[in-house]
Amino acid sequence: MSMKGQWKTLFQLFWTFFKIAPATFGGGFAMIPLIENEVVEKRKWMKSEEVTDVFALSQSVPGAVAINSATFIGHRIAGMKGAMAAMIGVSLPTFLIVLLLGIVYFFIQDNPKVESAFISIRVSIVAIIAYAAIKIGKSAVVDKSTFCILIAGIPVLFFLHPVMVILAGALAGIVTISIKRKLGYDVKMDKKDRKIEENDFEPFMGAGI
């Protein structure tokens, strides 16, 4: 890639995440649908399955999901420079907005209209996070075993730390694949690898709608 092309890609990475950051009320999880829309559907930088892997990895390491995801995606597209461009892009708007809101909120924190607005925002955030979960589920659940891991993982989250659940999920995946291979089953690592003949879980994930 030429120097001009490289700078263009870096600017696109910066600008993409710079646009996403101010619209993500609710943190990194609320950012997931916007990142997928920009990175997969608009820019065609990555596949949906790759972005899902990035989100999973971002939650497995310390730090904010939004910054981790942006950094991983930036590195995947343009190396270390891409990681820096994406990380600065996703961090700068949030820093400026939080700084401004911190000053403004000091003067209007007791205003009833402001309190009512924040109640509505919190409810909207729940809907956005639920939508993000469904979007990720469509590419993450590839067969019966992954569906079972999903179902088992939801109640476990009420009793264990998310990091422990992620590690348990990783272990369950390794054990499941090992058993399948020993029994001679054809292991499907991607939804595209699945056979068309049987798809029991499309109604659950909304793929058949």
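**Reading the helices of a predicted model**

Q: At what angle do H3 and H4 pack, and how far apart are their axes?
A: In this predicted model, H3 and H4 pack at an angle of about 135°, with their axes 9 Å apart.

Q: Which word describes the orientation of H3 and H4 to each other?
A: Angles over 145 degrees count as roughly antiparallel, and those from 65 to 115 as roughly perpendicular. H3 and H4 are therefore oblique to each other. Their crossing is right-handed.

Q: How do H1 and H4 pack?
A: Helix H1 covers residues 3-20 and helix H4 covers residues 65-108. The angle between them is about 40°, and their axes are 7 Å apart. Angles under 35 degrees count as roughly parallel; H1 and H4 are therefore oblique to each other. The crossing of H1 and H4 is right-handed. The residues of this contact divide into 15 nonpolar, five polar and one charged.

Q: What does Arg76 of H4 count as, by its relative accessibility?
A: Values between the buried limit of 20% and the exposed limit of 50% count as partly exposed. Arg76 lies in helix H4, and at 46% relative accessibility Arg76 counts as partly exposed. Arg76 and Glu50 are separated by 26 residues in sequence and by 9.9 Å in space, C-alpha to C-alpha.

Q: What span would a straight helix of 44 residues have, and what span does H4 have?
A: At 1.5 Å a residue, a straight helix of 44 residues would span 64 Å, whereas H4 spans only 30 Å between its end C-alpha atoms. H4 also has a kink of about 145°, centred on Ala78.

Q: How does the reach of helix H7 stand to the expected value?
A: Helix H7 (residues 162-182) has 21 residues. From its first C-alpha to its last, H7 reaches 30 Å, close to the 30 Å expected at 1.5 Å a residue. Just after H7, Gly184 takes a positive phi of about 90°.

Q: How do H6 and H7 pack?
A: Helix H6 (residues 144-156) and H7 pack at an angle of about 155°, and their axes are 11 Å apart. An angle over 145 degrees counts as roughly antiparallel; H6 and H7 are therefore roughly antiparallel to each other. H6 passes H7 in a right-handed crossing.

Q: What is the phi of Lys44, and where is the place of Lys44?
A: Lys44 has a positive phi of about 60°, although Lys44 is not a glycine. Its place is in the loop between helix H2 (28-42) and helix H3 (48-60). Lys44 is exposed, with a relative accessible area of 64%.

Q: How many helices and strands does the protein have, and how many of its residues count as buried?
A: The protein has eight helices and zero strands. Read along the sequence, the pattern is α-α-α-α-α-α-α-α. Of the 209 residues, 29% count as buried, and Phe17 is one of the buried residues.

Notes. Residues are numbered from 1 along each chain as its sequence is written. This is a predicted model: local features need pLDDT of at least 70, side-chain atom pairs count only at pLDDT 80 or more; totals for chains, interfaces and linings use all residues. Side-chain values use heavy atoms; hydrogens and water are left out. Axes are lines fitted to C-alpha atoms, for helices over the stretch in contact, and angles run from 0 to 180 degrees between N-to-C directions. Helices (H or I, at least four residues) and strands (E, at least two) are DSSP runs, numbered from the N terminus. A crossing is left-handed if the near helix is turned anticlockwise from the far one by less than a right angle, and right-handed if clockwise. Ala, Val, Leu, Ile, Met, Phe, Trp, Tyr, Cys and Pro count as nonpolar, Asp, Glu, Lys and Arg as charged, and the others, Gly among them, as polar. The expected span of a helix is 1.5 Å times one less than its number of residues. Buried means under 20% relative accessible area, exposed over 50%, partly exposed in between (1.4 Å probe, protein chains only). The bend at a residue is the angle between axes fitted to the seven residues ending there and the seven starting there.
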